[in-house]
Amino acid sequence: MSIVTIHELTKQFGSHRAVDRFSLSIEPGEIFGLLGPNGAGKSTLVKVLTTLLSPTSGQALVAGYDIRRQTVAVQRTIGYVPQSLSVDGTLTGYENMLIISKLYGVPRQQRLERIRLALHYVGLDSVAHRLVNTYSGGMIRRLEIAQATLHHPAILFLDEPTVGLDPVARKSMWELILQLRHDHNTTVFLTTHFMDEADELCDRLAILYHGQQVAIGTPAQLKAGLPMPNATLDDVFIHYTQDYLVTNEESSYHDTSATRRAARRLS
Ligand SMILES: Nc1ncnc2c1ncn2[C@@H]1O[C@H](COP(=O)(O)OP(=O)(O)OP(=O)(O)O)[C@@H](O)[C@H]1O
Ligand SMILES: [Mg+2]
């Protein structure tokens, strides 16, 4: 049984279709990657699936719950790490976790232990009482994962989890994601601009282009589908999105500046 089922999902901003009749099924425990150029609609799709935005049309079931009619049930079942930073730098890691534990309704007598375990899981126990604005980008992303998994979600949505991280921090984020799948069979839906990340970490990938799904498959299938020998995932990405620079005249300053801002703050 699929854990995520998306049927013809569309999200329109005014006359602009950011997500255009997108369909997909994801299996439990799968690590699914969504690729696509800036402005393709990746974050919008993630926000619709996490109930932060309501769809214009189409349906999606997340862990069996309808994203339109059962928003609270969806929210209880998922974890979400947004593209931009979601932690408060003027608080400690522990204090950030405490806020989230209240938000998720963790009973008072369980909070301390649950937070301790979650911080230990992501390797942040020794810095729990340091201010977050003294953390490295990798540590901040780990704290966000700890927050997003405090309530043991069945599905974790990660919007560009490794943007702005150095190669070592990126690899350790991949290990953390694999560890979550191994230990809890967590299903992971992530977006990324890194082709090596997509290739090595993800079981399956979809490429989004102007809101539409233009390709889907395992990394190996996508590479084998190109009319060239020894194709790389870079080749696959370029193949399906090559007219992007020409056609994407409305590509907004806003998208680029938001991504750069997040990258700067994390690095
Ligand atoms: N709240 C909004 N109101 C109007 N337009 C929006 C809104 N959010 C996103 N858009 C537009 O929808 C399109 C898709 O944006 P989205 O942020 O989903 O892209 P993305 O694939 O996540 O890009 P990036 O790789 O830069 O993060 C863009 O054209 C963007 O300007
Ligand atoms: Mg985005």
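## Overall build

Of the 267 residues in the protein, 41% are buried, where a residue counts as buried if 20 or more other C-beta atoms lie within 10 Å of its own, as exposed if 12 or fewer do, and as partly exposed in between, with C-beta atoms placed from the backbone. The model is a predicted one, in which local features need pLDDT of at least 70 and side-chain atom pairs count only at pLDDT 80 or more, while totals for chains, interfaces and linings use all residues. Residues are numbered from 1 along each chain as its sequence is written, and chains are lettered from A and ligands numbered from 1 in the order in which they are written.

The secondary structure comes to eleven helices and ten strands; these are DSSP runs, numbered from the N terminus, with helices (H or I) of at least four residues and strands (E) of at least two. The protein has a radius of gyration of 18 Å, close to the 18 Å that the globule rule gives for 267 residues, so it is as compact as a globular protein of that length; the radius is taken over C-alpha atoms, and the rule is 2.2 Å times the number of residues to the power 0.38. Along the principal axes, the C-alpha atoms fill a box of roughly 55 × 40 × 35 Å. Among contacts with a separation of 6 or more, 69% are accounted for by residues 24 or more positions apart, a contact being two residues whose C-beta atoms, placed from the backbone, lie within 7 Å.

Strands of a sheet pair through backbone hydrogen bonds, either parallel or antiparallel. In this model, four strands form an open sheet in the order 2-1-4-5, with antiparallel pairing; two strands are said to pair if DSSP finds at least two bridges between them. The edge strands are strand 2 (16-26) and strand 5 (65-66), each of which pairs on one side only. Strand 5 is joined to strand 4 (residues 57-62) in the antiparallel sense over two bridges, and valine 62 stands opposite tyrosine 65 in strand 5.

Another open sheet is formed by six strands in the order 6-7-8-3-9-10, and its pairing is mixed. Its edge strands are strand 6 (78-81) and strand 10 (212-217), each pairing on one side only. From one strand to the next, the twist averages 15 degrees, an angle that, like the others here, runs from 0 to 180 degrees between N-to-C directions, with axes being lines fitted to C-alpha atoms, for helices over the stretch in contact.

Strand 3 pairs in the parallel sense with strand 8 over four bridges, and phenylalanine 32 stands opposite phenylalanine 189 in strand 8. Strand 3 also pairs in the parallel sense with strand 9 over four bridges, where glycine 33 stands opposite leucine 205. From strand 3, Ile31, Gly33 and Leu35 point one way and Phe32 and Leu34 the other way, and all are buried. Strand 7 (residues 155-159) and strand 8 (residues 187-191) likewise pair in the parallel sense, over five bridges, with leucine 158 standing opposite leucine 190 in strand 8.

Just after helix 1, threonine 51 takes a positive phi of about 70 degrees.

Helix 5 (residues 137-149) lies across strand 6 and strand 7, running at about 160 degrees to strand 6. Eleven of its 13 residues are buried, and helix 5 is thus mostly covered. The end C-alpha atoms of helix 5 are 19 Å apart, which agrees with the 18 Å that its 13 residues should span at 1.5 Å a residue; the expected span is 1.5 Å times one less than the number of residues.

## Core and surface

In soluble globular proteins, nonpolar side chains tend to be buried together. The largest nonpolar core here has 66 residues, of which Ala146 and Phe157 touch the most other members; such a core is a set of buried Ala, Val, Leu, Ile, Met, Phe, Trp, Tyr and Cys residues joined through C-beta atoms within 7 Å. Leaving aside neighbours within four places in sequence, alanine 146 is in contact with Met97, Ala118, Leu119, Tyr121, Val122 and Leu124.

Alanine 220, which lies in helix 8 (residues 219-224), is exposed, with 10 other C-beta atoms within 10 Å. Alanine 220 and alanine 231 are eleven residues apart in sequence and 9.5 Å apart in space, C-alpha to C-alpha.
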